[in-house]
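Welcome! Please take a first look at the sequence and the 3D structure below, and then we will walk through some of the details together.

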Amino acid sequence: MSVLDTTTSDIITAEEEHLAHNYHPLPVIISRAEGSWVTDVEGKRYLDLLSAYSALNFGHLHPAIVAVAQEQLTRLTLTSRAYHNDQLGVFASALAELCGKDLVLPMNTGAEAVETAIKVARAWAYRVKGVPAGAAEIVVAGGNFHGRTTTIVGFSDDSEARGDFGPFTPGFVTVPFGDADALAAAITDHTAAVLIEPIQGEAGVIVPPAGYLAAVREICTRRGVLFIADEIQSGLGRTGYTFACEREGVVPDMYVLGKALGGGILPVSAVAADAAVLGVIRPGEHGSTFGGNPLAAAVGHRVVEMLATGEFQQRAKALGEHLEARLNDLVGHGVTAVRVAGLWAGVDIDPAQGTAREVAERLLGRGVLVKDTHGQTIRIAPPLVVRATELDWAIEQLKLVLTA
């Protein structure tokens with residue numbers, strides 16, 4: 001079946017008949033994109049306020065990223081880590097410098113990076129901290145979203161993520177997000193690490209209380225526990241800082257990165273830590289055929305170069321303040337609460353307006369793409385190249401939808 005000869009209905013029917021139903025997408029079929037805008041197969045344009053869950057922080061087809069990808073495609077795409085390649089070292093050096101760490105370990109997807117962080121934390125606990133074999137524990141936060149592998153969903157409290165996928169990997173202790181006292185009480189001599197999102201994205205852009213991240217850092221340092229920050233959605237400019245932990249001047253022991261690191265071109269992820277932590281991994285203990293491939297390294301290096309200028313962080317901070325002011329005007333007018341961190345917002349919809357999914361569908365009809373989560377919340381995460389006038393237009397569409 002040729003795409004050129006099919007209708008929107010044909011394409012959706014083909015997906016429904018031949019794709020596993022692990023997603024429930026909005027009824028739009030995107031065929032082209034540029035910057036903050038996408039175009040469907042019928043030629044209608046939409047402002048993208050999702051950015052592929054922060055994977056498109058730099059917008060669709062950013063010319064600087066596309067250029068380096070195209071050039072690398074003509075030279076070398078994959079060697080596996082059985083050999084060196086001429087892109088990986090410079091990427092690793094640049095990313096380590098951006099993170100302020102000694103070492104990085106590249107992978108592909110965010111979930112792979114989280115799994116990597118778990119393995120590294122356990123190896124560190126046994127080889128450095130002296131935790132008895134098989135006894136290491138990792139403290140996580142309620143409401144977390146770190147990926148969808150069986151290990152990761154095993155410490156999720158989302159019933160949809162966990163249902164019928166057990167038995168699950170032991171060794172995880174869950175405490176309430178934002179509660180530093182509960183976290184401190186959960187740490188024992190067997191605790192290897194604390195793994196948290198500085199801001200919980202999938203949960204609805206949940207921002208912890210002021211001082212929480214600093215308290216986590218202090219507790220981890222005092223108890224000899226690794227602080228692992230999952231910055232897959234919150235990092236790389238989204239919140240107005242390179243990393244969301246910087247909002248409180250906090251530096252974790254390990255960063256977990258993904259999504260935007262691939263520039264919206266291909267999957268690129270990594271963990272970054274000092275040699276005292278990441279140096280515990282030995283040859284043969286962990287790896288990936290595609291992790292650190294030259295195409296991914298070239299793209300990731302360009303992303304790091306763009307972030308090093310600070311331009312995107314500054315845009316996210318300034319435009320985020322503008323976005324927050326506009327969204328706050330809607331509270332009490334179809335919106336019950338708003339949470340904003342840079343160009344990232346969770347908007348709780350008054351149930352009298354319907355579900356968040358219904359609001360997202362009505363916005364789709366007005367040319368705005370958002371995504372719902374947890375029933376009554378829509379997430380807003382525009383590309384960092386978005387203009388203030390485009391944000392104003394999108395918020396006006398939301399206002400119209402809520403007052404219709």
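At roughly what angle do the axes of helix α3 and α11 cross? The axes of helix α3 (residues 63-73) and α11 come within 9 Å, and they cross at roughly 155°.

## Before we go on

This is a predicted model, in which local features need pLDDT of at least 70 and side-chain atom pairs count only at pLDDT 80 or more, while totals for chains, interfaces and linings use all residues. Residues are numbered from 1 along each chain as its sequence is written, and side-chain values use heavy atoms, with hydrogens and water left out.

Helices and strands are DSSP runs numbered from the N terminus (H or I and at least four residues for helices, E and at least two for strands). Axes are lines fitted to C-alpha atoms, for helices over the stretch in contact, and the angles run from 0 to 180 degrees between N-to-C directions.

## Helices α3 and α11

With that angle, α3 and α11 are roughly antiparallel to each other. Here is the scale for such words: angles under 35 degrees count as roughly parallel, over 145 as roughly antiparallel, 65 to 115 as roughly perpendicular, and the rest as oblique. The crossing of α3 with α11 is right-handed; a crossing has that name if the near helix is turned clockwise from the far one by less than a right angle, and is left-handed if anticlockwise.

Which residues meet here? From α3 come A64, I65, V68, A69, Q72 and L73, and from α11 come P294, L295, A298, V299, R302, V303 and M306. Contact means heavy atoms within 4.5 Å. By class, the residues of this contact divide into 11 nonpolar, one polar and one charged. In these classes, Ala, Val, Leu, Ile, Met, Phe, Trp, Tyr, Cys and Pro count as nonpolar, Asp, Glu, Lys and Arg as charged, and the others, Gly among them, as polar.

## Helices α13 and α14

Another helix pair is α13 (residues 356-365) and α14 (residues 388-403), whose axes come within 10 Å and cross at roughly 120°. That makes α13 and α14 oblique to each other, and α13 passes α14 in a right-handed crossing.

On the α13 side, V359, R362 and L363 take part, meeting Q397, L398, V401 and L402 in α14. Five nonpolar residues, one polar and one charged make up the contact of α13 with α14.

## Salt bridges

How many salt bridges are there? The count comes to 13, where a salt bridge is a side-chain nitrogen of Lys or Arg within 4 Å of a carboxyl oxygen of Asp or Glu. One of them joins R127 to E285, with the closest N and O atoms 2.7 Å apart. R127 lies in helix α5 (residues 110-129) and E285 in the loop between α10 (275-278) and α11 (294-308), so this pair ties together parts that are 158 residues apart in sequence. R127 is partly exposed at 37% relative accessibility. On this scale, buried means under 20% relative accessible area, exposed over 50%, and partly exposed in between (1.4 Å probe, protein chains only).

E285, at 29%, is partly exposed too. R282 also forms a salt bridge with E285, the closest N and O atoms being 3.8 Å apart, and R282 is partly exposed at 47%. Leaving out residues up to four places away in sequence, E285 touches K119, R127 and V280.

Within helix α9 (residues 212-223), R222 and E218 sit four residues apart, about one turn of the helix. R222 forms a salt bridge with E218, and their closest N and O atoms are 2.8 Å apart. R222 is exposed at 53%, whereas E218 is partly exposed at 40%. Elsewhere, salt bridges that share partners join E71, R75 and D86 into one network.

Is A96 buried or exposed? At 7% relative accessibility, A96 is buried, and its place is in helix α4 (residues 88-99). Not counting residues up to four places away in sequence, A96 touches K101, D102 and V104. A96 and V271 are 175 residues apart in sequence, and their C-alpha atoms are 9.6 Å apart in space.

P106 belongs to strand β4 (residues 103-107) and is buried at 9% relative accessibility. Beyond its neighbours within four places in sequence, P106 is in contact with R81, L88, S269, A270, G291 and G292. Between P106 and G287 there are 8.7 Å in space, C-alpha to C-alpha, although they are 181 residues apart in sequence.
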